[in-house]
Amino acid sequence: VTLTIYLINDTGEMSGQGSRPAVLVCPGGGYFNCSDREGEPVALQFNACGYHAFVLRYSTYDEGRNEFPDLSSDIVPNEKTKHPAPVRDIAKAMLYIREHAREWQVDMEKIAVCGFSAGGHNSAMYGVYWNKPLLTDYFGVDAAALRPAALILGYPLTDYIFMKQIERKPMDQQFFHNSNIAFTGEDDPSDELLESISPALLVSEDTPPTFIWATAGDNLVLVQHSLRMAHALADHHVPFEIHIFEEGDHGLSTAAQVSAVSKTQMNADAAQWTVLARKWLEKRFALELPEMTPFEAMMAAKQ
């Protein structure tokens, strides 16, 4: 498990601005690994918005080797990396950032957790468990120390009960079967366990404001996962914004050249999610800037 830090330098003309909001990024990878494409390229997008960023490579089946197991047959459970290790890694990262908040000039009241696919599931899990004993008792901290200010979820998996009911192609079915083993450690998890790891079924008034985006063309993690999460947020009067783009495959990341390794990973329409997320975040994370710089104030006084 690693945390990579992308801080905006507080030097020269940019100095003296004080603490900044931040975004903690959780890449996807089916709980087998953490995608490079959904890590640094995303963090740099948030840096460009004026926020510090962190990329968390949380517990996954490959234990950081950045590889996929042979998915043609059932994998052997890895007890070290299964649930709840991934969501506890987010909590540990939040506590670590808090420990260094003054040094890094991070505004701990304004940290968003952002994830994609499995990382979107992990982020959503954090959004519904941040104030529960699963995290607070485990770390021996008050829930306030773990509170996220917002969630940003890209094509997230949110409802394992729904996923269980879907008929899939044999290869897709084997992928998700192994992903479930990687995450739960069980070959045939009970409905009770599946419900406990389905954020869309666990939303409450304590779930933070949430931005969701997905594509209707995603044939791996169906768009219904995003819609179910949005429905639950609406039911509990949690502020949210959702954008469903008509076309686009699973795993688009930024959907632009910066994160693409093939043309299928680029989509001009879906790439607008970064602009939309920036505008949504600015409602909550806008920097407290003066009306004028000291130089501008001086020149205005002389006129």
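Biologist: How many disulfides does the structure hold?

Modeller: A disulfide is a pair of cysteine sulfur atoms within 2.5 Å. The structure holds 0 of them. Cys49 is in no disulfide, its nearest cysteine sulfur being that of Cys114, 11 Å away. Cys114 is in no disulfide either; there the nearest cysteine sulfur belongs to Cys26, at 7.9 Å. This is a predicted model: local features need pLDDT of at least 70, side-chain atom pairs count only at pLDDT 80 or more, and totals for chains, interfaces and linings use all residues. Residues are numbered from 1 along each chain as its sequence is written, and side-chain values use heavy atoms, with hydrogens and water left out.

Biologist: Is Cys114 buried or exposed?

Modeller: Buried means under 20% relative accessible area, exposed over 50%, partly exposed in between (1.4 Å probe, protein chains only). Cys114 has a relative accessible area of 1%, so Cys114 is buried.

Biologist: How many aromatic pairs are there?

Modeller: Rings of Phe, Tyr and Trp (its six-membered ring) pair if their centres lie within 6.5 Å; planes under 30 degrees apart are stacked, over 60 edge-to-face, the rest tilted. The count comes to 16 aromatic pairs. Phe54 and Trp104 have ring centres 5.9 Å apart and planes at 40 degrees, so this pair is tilted. Both Phe54 and Trp104 are buried.

Biologist: Which residues do ring pairs link into a cluster?

Modeller: The cluster consists of Phe116, Tyr155, Trp213, Phe245 and Trp273.
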